[in-house]
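I set out to record, entry by entry, what I looked up in this structure. The notes begin with a pair of helices and move on from there.

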Amino acid sequence: MVFHGPGDLRWEERPVPVPASGELVLRIDAALTCGTDVKTLRRGHPVMIPTIPTVFGHEFAGTVTAVGPGVSRFREGDRVVAANSAPCGDCPSCLAGRPNLCDDLLFVNGAYGEFILLPARLVSRNVVPLTASLPAERAAFAEPLACALLAIERARVEPGQTVVVFGHGPLGCLLGMLAAARKARVIMVGKSGWRFDHVKKLGFARWLDAATTDSVVADVRAAAGGRGAEIVIDATGRPEVWEQAVDSVGRGGSVVFFGGCAPGTTIRLDTRRTHYEELALLGAFHHTPETFRRAVETLESGALVPDGLITHRMRLEEVGRALDLMAKGQALKILIES
Ligand SMILES: [Zn+2]
Ligand SMILES: [Zn+2]
């Protein structure tokens, strides 16, 4: 599936790629739809899609079918999962140990295809071999899970803490599931509807319905024992919810802004509370090779089983329809099989 610009996704026959030095070619075994793809299809994406036309889709696991010269870590037949980006390794952010903020992140797309070419930098930094026991459709969650893991680590979630997540999309759920796996008490805030009913059944949290209350902040604070939560994470990317997140956190608490808002938006901030209550306001963006590797370990160990987030299975030629279902809020994650 080739992205030619906003609203223009085409099914095309292309030659199977041949790996150059340091590169790998995979057969895609499983790909997952993502809200980012929906957004990108609607309006493009300056960072993830710098040039068009381009192959599309970024959450996948596969099997190595061809190995470029100079690659010694992988051979044909290896099952692997790859991240959708690789940091440069020598810009100031990379050298400071924050490669998710790399000045020159190299993004890779092409999950919605039969084969994908992985560039040398990705092969050397962000491809992880899989054990036989981890199915490809679970391994394909490594990329979104690595993003969620980065946020959970920024927040330093500890056992017994109350963690509130605003947003019940797949990433909100992965955040909640990770916090629950760390033995935190998780409160998920969503809006009633088909998706809300579906994820409620996954059972890792207590659920609050923001659509049926006068004050979601009062409800969250009450559910968190009156004092406010120790950690609040926004996974909606809406400025008004960012404000609710700050209002819901307790003294000394941390707020993690995980969901990206539209460019140019701002939020109001209570300076008195932020200072005297020592609020920690943290951004969380993307993932690092380290969180990617640990996301794979988390999936392999069974500490987190994401299967319940897959609501549909479709074939490669149905990707357009799949992203349409996502856009209408009628699906969580759709597994694409070729
Ligand atoms: Zn994604
Ligand atoms: Zn860098």
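Entry 1, a helix pair. I looked up the handedness and found that α8 passes α9 in a right-handed crossing, a crossing being right-handed if the near helix is turned clockwise from the far one by less than a right angle, and left-handed if anticlockwise. Helices here are DSSP runs of H or I of at least four residues, strands are runs of E of at least two, and both are numbered from the N terminus. The model is a predicted one, in which local features need pLDDT of at least 70, side-chain atom pairs count only at pLDDT 80 or more, and totals for chains, interfaces and linings use all residues. Residues are numbered from 1 along each chain as its sequence is written, and chains are lettered from A and ligands numbered from 1 in the order in which they are written.

I then noted that α8 (residues 216-223) and α9 (residues 239-248) pack at about 35°, with axes 9 Å apart; axes are lines fitted to C-alpha atoms over the stretch in contact, and angles run from 0 to 180 degrees between N-to-C directions. Val216, Val217, Val220 and Arg221 of α8 meet Gln244, Asp247 and Ser248 of α9, where contact requires C-beta atoms, placed from the backbone, within 7 Å. By class, I recorded three nonpolar, two polar and two charged residues in this contact; Ala, Val, Leu, Ile, Met, Phe, Trp, Tyr, Cys and Pro count as nonpolar, Asp, Glu, Lys and Arg as charged, and the others, Gly among them, as polar.

I located Gly167 in the loop between β11 (162-166) and α6 (170-181). Is Gly167 buried or exposed? Gly167 counts as buried because it has 25 C-beta neighbours inside 10 Å (buried means 20 or more other C-beta atoms within 10 Å, exposed 12 or fewer, partly exposed in between, with C-beta atoms placed from the backbone). Leaving aside neighbours within four places in sequence, I found Gly167 in contact with Gly172, Gly190, Asp234, Ala235, Thr236 and Gly259.

After α11 comes Gly302, with a positive phi near 80°.

Methods. Contact = placed C-beta atoms within 7 Å.
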